[in-house]
Amino acid sequence: MKLRSLHLMTTIGFLLSAANALAGPGHNKDSIGQPGDSKEVDRTIEVRMGDIFFEPKAIEVKAGETVRFVLQNEGALLHEFNLGKAASHAAHQKEMAAMFQNGTLSPTAAHDMTKMDHAMGGMKMAGMKHDDPNSVLVGPGAREELVWTFSETTDLEFACNVPGHYQSGMVGKVTVR
């Protein structure tokens, strides 16, 4: 019985941690810009990603500029292109770890878990999904796009928040002029 209570307390702690991460700075998109209109793109920037790198390592944009990022994953692993500040990446990394833990993400793919319920310690938890507007997952060999209009915010990064990737150097700088 004590083991079951401990499992339930651990599950509740995990859920509260996930809720705090979802409410954290990683979801305040106003401070970094907003999704752009694909019909009003000012320029296109191609970004290569692999195991474990981005090319280019730095990007310069103008405040108010709408950029179409064309993202090519040349690696064998799932990668993410996420625009944000360092604090938002730290919060998002917790979310990504939870998605790996519950099976929403794997090292090579994203899985649609939105229609599934997970029983955790007798409680049901709706499936999570990766749907932030400032972020896109790119599977091995895949090509994706993200259109973004930048604000005047400084200290931005583009990063892969798949567990361990940011820490291994899969992060670049965005300079807004």
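Predicted model: local features only at pLDDT ≥ 70, side-chain atom pairs only at ≥ 80, totals over all residues.

Visitor: What makes up the secondary structure, and how many residues does the chain have?

Guide: There are two helices and 14 strands. The chain has 177 residues, and buried residues make up 43% of them.

Visitor: What share of the contacts joins residues at least 24 apart?

Guide: Take contacts between residues at least 6 apart in sequence. Of these, 74% join residues at least 24 apart.

Visitor: How many aromatic pairs are there?

Guide: A search of the whole structure finds five. Phe54 and Phe81 form one of them, edge-to-face.

Visitor: Why is the pair of Phe54 and Phe81 called edge-to-face?

Guide: Set the values against the cut-offs. The ring centres are 6.1 Å apart, and pairing requires that they lie within 6.5 Å. The planes are at 85°, and over 60 degrees counts as edge-to-face.

Visitor: Where do Phe54 and Phe81 sit in the chain?

Guide: Phe54 is in strand 3 (residues 53-55) and Phe81 is in strand 6 (residues 79-84). They are 27 residues apart, and the pair links distant parts of the chain. Both Phe54 and Phe81 are buried.

Visitor: What makes Phe69 and Phe150 an edge-to-face pair?

Guide: The same test applies. Their centres are 6.1 Å apart, against a limit of 6.5 Å. Their planes are at 75°, and the edge-to-face class takes angles over 60 degrees. So Phe69 and Phe150 pair edge-to-face.

Visitor: Which parts of the chain does the pair of Phe69 and Phe150 tie together?

Guide: Phe69 belongs to strand 5 (residues 66-73), and Phe150 belongs to strand 12 (residues 143-150). The pair therefore ties together parts 81 residues apart in sequence. Phe69 and Phe150 are both buried.

Visitor: Which residues form the aromatic cluster?

Guide: Phe54, Phe69, Phe81, Phe150 and Phe158 form one cluster.

Visitor: Why is strand 6 described as largely enclosed?

Guide: Count its buried residues. Six of the six are buried, so the rest of the structure largely encloses strand 6.

Visitor: Which residues cover each side of strand 6?

Guide: In a regular strand, side chains alternate between the two faces of the sheet. On one side of strand 6 are His79, Phe81 and Leu83. On the other are Glu80, Asn82 and Gly84. These residues are all buried, and both faces are covered.

Visitor: How do you know that strand 6 pairs with strand 11 and strand 13?

Guide: Count the bridges; a pair needs at least two. Strand 6 has four bridges to strand 11 (residues 135-138), in the antiparallel sense. Strand 6 and strand 13 are joined by three bridges and also run antiparallel. Therefore both cases meet the requirement. Asn82 has Ser135 of strand 11 as its bridge partner. Leu83 stands opposite Phe158 in strand 13.

Visitor: Why does Gln93 count as buried?

Guide: Gln93 has 17% relative accessibility. Buried means under 20%, so Gln93 qualifies. Gln93 lies in helix 2 (residues 86-102). Leaving out residues up to four places away in sequence, Gln93 touches Asn161, Tyr166 and Gln167.

Visitor: What makes Gly33 buried?

Guide: Its relative accessible area is 8%. The limit is under 20%, so Gly33 is buried. Gly33 is in strand 1 (residues 33-35). Beyond residues up to four places away in sequence, Gly33 touches Trp148, Thr149, Phe150 and Ser151.

Visitor: Why is Asp155 called exposed?

Guide: Asp155 stands at 58% relative accessibility. Asp155 is in the loop between strand 12 and strand 13 (156-159). Its phi is near 60°, a positive value in a residue other than glycine.

Visitor: Which peptide bond from Glu55 is cis?

Guide: The bond to Pro56 is, with omega near 10°. Pro56 lies in the loop between strand 3 and strand 4 (58-61). A cis bond also joins Asp51 and Ile52, with omega about 5°. Ile52 is in the loop between strand 2 (43-50) and strand 3.

Technical notes
Residues numbered from 1 in each chain as written. Heavy atoms only, no water. Phe/Tyr/Trp six-rings, centres within 6.5 Å; stacked < 30°, edge-to-face > 60°. Buried < 20%, exposed > 50% of the residue type's maximum accessible area, 1.4 Å probe, protein only. Contact = heavy atoms within 4.5 Å.
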